[in-house]
Amino acid sequence: MNNRFKPSPPKPKQSALIIGRQPLLEAMRSGKAIERIYLLKTATGDIIPQIRQLAAEQRIPINTVPVEKLNSLTQANHQGVVAITAKVAYLDLQDVISHVTDKGETPLFLILDGITDVRNIGAIARSAVCCGAQAIIIPDKGIAALNEEALKSSAGALEKIAVCRVNSLLKAIDTLHLNGIQVVASEMEAKETLVNLPWTEPVAVIMGSEDKGVYPALLKAADRQFYIPMQNSFESFNVSVAAGIILYEAMKQRMQAG
């Protein structure tokens, strides 16, 4: 198909946007969930440092962009700032760990690294809820936005599971380790099979993108690596299918252990 006729990606609905400096500042101060902030590269003024500081405190990603990007989002007077409201409420990782353990549950978390297809994220969330996982950990950059399409793909599961957005997956792994949670990574070249892992213990699973796999530094930080056995020689499972298989094995072992 000629690229000239390729449809443009849909714009966010106006109701999903926060337009202008003061409205954004007020929204952030009130604790409104925000997915991402688009800030004009040349933006200056007293409010801009306040926006940056609150964004850092609330772990809201900021993309510095040219004016054309902002104009593509809205025709209103944006004052160099447009934010997209979040469809999912993000939670603090340590708070979630404490909540899960205080309930007497054994943590089963997913760490998503570089997964950019919202449908895959939605499908993973659906399997996670069905198999008893309590949380999904995502980075603030390099992953698909948890938008309306992701929610639809998850059949509402993204609203039923804790989602923790962090500015560093490596730091998140440190937090998991400090709380006695083992971190394992799905890796095709691993020597250990899925079924040999102790899924009855507290564990977090790193799932990587289909094209690049798990980031090498995250693989190194993981306690163990494993692979999913396959009957025939083929590339690999789709990442959401692989996550479903892993989560089912974890659920099966936990049910058998009583």
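At what angle do helix 1 and helix 2 pack, and how far apart are their axes? The legends below begin with that pair. The model is predicted.

**View 1. Helix 1 packs against helix 2.** Helix 1 spans residues 21–29 and helix 2 spans residues 47–57. They pack at an angle of about 30°, with axes 10 Å apart. Angles under 35 degrees count as roughly parallel, and the two helices are therefore roughly parallel to each other. Helix 1 passes helix 2 in a left-handed crossing. On the helix 1 side, the contact uses Arg21, Gln22, Leu24, Leu25, Met28 and Arg29. Helix 2 answers with Ile47, Ile48, Gln50, Ile51, Leu54 and Ala55. By class, the contact residues are 8 nonpolar, 2 polar and 2 charged.

**View 2. Helix 4 packs against helix 7.** Here residues 93–102 form helix 4, and residues 169–178 form helix 7. The packing angle is about 30°, and the axes lie 10 Å apart. Helix 4 and helix 7 are therefore roughly parallel to each other. Their crossing is right-handed. Leu93, Gln94 and Ile97 of helix 4 meet Ala172, Thr175 and Leu176 of helix 7. These contact residues divide into 4 nonpolar, 2 polar and no charged.

**View 3. The largest nonpolar core has 40 residues.** Leu110, Leu112, Trp199 and Met207 have the most contacts inside this core. Strands 5 (108–113), 6 (135–139) and 10 (203–208) each give two or more residues to it. So do helix 5 (118–130), helix 6 (148–153) and helix 9 (239–256). Helix 9 gives the most, with 6 residues. A second, separate core has 26 residues, including Ile18, Ala27, Leu73 and Ile84. In soluble globular proteins, nonpolar side chains tend to be buried together.

**View 4. Tryptophan 199 and its contacts.** Residues up to four places away in sequence are not counted here. Tryptophan 199 touches Val184, Leu194, Val205, Phe226 and Ile246, among others. Its contacts also include Glu249, Ala250, Gln253 and Arg254. Trp199 is one of the residues with the most contacts inside the largest nonpolar core.

**View 5. Alanine 125 is buried in helix 5.** What is the relative accessible area of alanine 125? The value is 0%, so alanine 125 counts as buried. Leaving out residues up to four places away in sequence, alanine 125 touches Ile136, Ser154, Ala157 and Leu158. Lysine 160 is 35 residues apart from alanine 125 along the chain, yet their C-alpha atoms are separated by 9.0 Å.

**View 6. Serine 240 is buried in helix 9.** Is serine 240 buried or exposed? Its relative accessible area is 12%. Buried means under 20%, so serine 240 is buried. Asn120, Ala123 and Ile124 are in contact with serine 240, leaving aside its neighbours within four places in sequence.

**View 7. Glutamine 79 has a positive phi.** The value is near 55°, in a residue other than glycine. Glutamine 79 lies in the loop between helix 3 (67–73) and strand 4 (81–85). Its relative accessible area is 40%, which makes glutamine 79 partly exposed.

**View 8. Alanine 155 also has a positive phi.** Phi is about 55°, although alanine 155 is not a glycine. Alanine 155 sits in the loop between helix 6 and strand 7 (162–166).

Definitions and conventions: Residues numbered from 1 in each chain as written. Predicted model: local features only at pLDDT ≥ 70, side-chain atom pairs only at ≥ 80, totals over all residues. Heavy atoms only, no water. Axes fitted to C-alpha atoms, helices over the stretch in contact; angles between N-to-C directions. Helix = DSSP H or I, 4+ residues; strand = E, 2+ residues; numbered from the N terminus. Parallel < 35°, antiparallel > 145°, perpendicular 65-115°, else oblique. Left-handed = near helix turned anticlockwise from the far one by under 90°. Contact = heavy atoms within 4.5 Å. Nonpolar A, V, L, I, M, F, W, Y, C, P; charged D, E, K, R; others polar. Core = buried A, V, L, I, M, F, W, Y, C linked by side-chain atoms within 4.5 Å. Buried < 20%, exposed > 50% of the residue type's maximum accessible area, 1.4 Å probe, protein only.
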